[in-house]
Amino acid sequence: MESAGRLALTSVPVGRAEETFSTVRDRLLSRRYDIIDIVVVLDARDRYFGVADLRDVLNGSGERTLASVLRHGWPRIPPELDQERAAEIAALAGVVVLPVV
């Protein structure tokens, strides 16, 4: 069994819920990421809070915050979950990226 955690990418866009789109976009341009589908959103204590679709961040007004487009229902998985089960969860949810939390 190969776990999802062993396959997880670590260079992903991350932001805090209160950050503006402008701030996040500036950071996105400053480095390379392994994925560019979502922004993983953290709360004020640096805990997983949800995800924001990158299209919303790129197309929205610069003063909007990540919290305004947060997708709480986006599936997430634990690191020890089997990769095949993770692929099944992603397929059922219609997403291509799953945060490993």
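Aspartate 56 and arginine 71 form a salt bridge in this predicted model, with the closest N and O atoms 3.5 Å apart; a salt bridge here is a side-chain nitrogen of Lys or Arg within 4 Å of a carboxyl oxygen of Asp or Glu. The pair links distant parts of the chain, 15 residues apart: aspartate 56 sits in helix α3 (residues 54-59) and arginine 71 in the loop between α3 and α4. Helices (H or I, at least four residues) and strands (E, at least two) are DSSP runs, numbered from the N terminus. Aspartate 56 is partly exposed at 27% relative accessibility, and arginine 71 is also partly exposed, at 34%. Buried means under 20% relative accessible area, exposed means over 50%, and partly exposed lies in between (1.4 Å probe, protein chains only). Both residues belong to a network of salt bridges that links Asp53, Arg55, Asp56 and Arg71.

Residues are numbered from 1 along each chain as its sequence is written. Because the model is predicted, local features need pLDDT of at least 70 and side-chain atom pairs count only at pLDDT 80 or more, while totals for chains, interfaces and linings use all residues; side-chain values use heavy atoms, with hydrogens and water left out.

The structure holds eight salt bridges. One of them joins arginine 85 to glutamate 88 (2.6 Å, N to O). These two residues both lie in helix α4, three residues apart, about one turn of the helix. Arginine 85 is partly exposed at 37% relative accessible area, and glutamate 88 is partly exposed at 43%. In another pair, arginine 6 meets glutamate 2, with the closest N and O atoms 3.3 Å apart. Here arginine 6 is exposed, at 67% relative accessible area, whereas glutamate 2 is partly exposed, at 30%.

Arginine 25, in helix α2 (residues 21-29), is buried yet has no salt bridge. The nearest side chain of opposite charge (Lys and Arg count as positive, Asp and Glu as negative; His and the chain ends are not counted) is that of aspartate 26, 6.5 Å away. Leaving aside neighbours within four places in sequence, arginine 25 is in contact (heavy atoms within 4.5 Å) with Val57, Leu58, Asn59, Gly60, Ser61 and Gly62.

Turning to the strands, β2 is largely enclosed by the rest of the structure, because five of its five residues are buried. In a regular strand the side chains alternate between the two faces of the sheet. In β2, Ile38, Val40 and Leu42 are buried on one side, and Val39 and Val41 on the other. Strands pair if DSSP finds at least two bridges between them. Three bridges join β1 (residues 14-16) to β2 in parallel, and five bridges join β2 to β3 in antiparallel fashion. Valine 40 has valine 51 in β3 as its bridge partner. The β2-β3 hairpin has five residues between the strands, and aspartate 46 takes a positive phi near 65°.

The largest nonpolar core has 17 residues, and those with the most contacts inside it are Ile38, Val40, Ile77, Ala86 and Leu98. Such a core is a set of buried Ala, Val, Leu, Ile, Met, Phe, Trp, Tyr and Cys residues joined through side-chain atoms within 4.5 Å. At least two residues of this core come from each of β2 (38-42), β3 (48-53) and α4 (83-93). Apart from this core lies another, of 13 residues, among them Phe21, Leu28, Tyr33 and Ala52.
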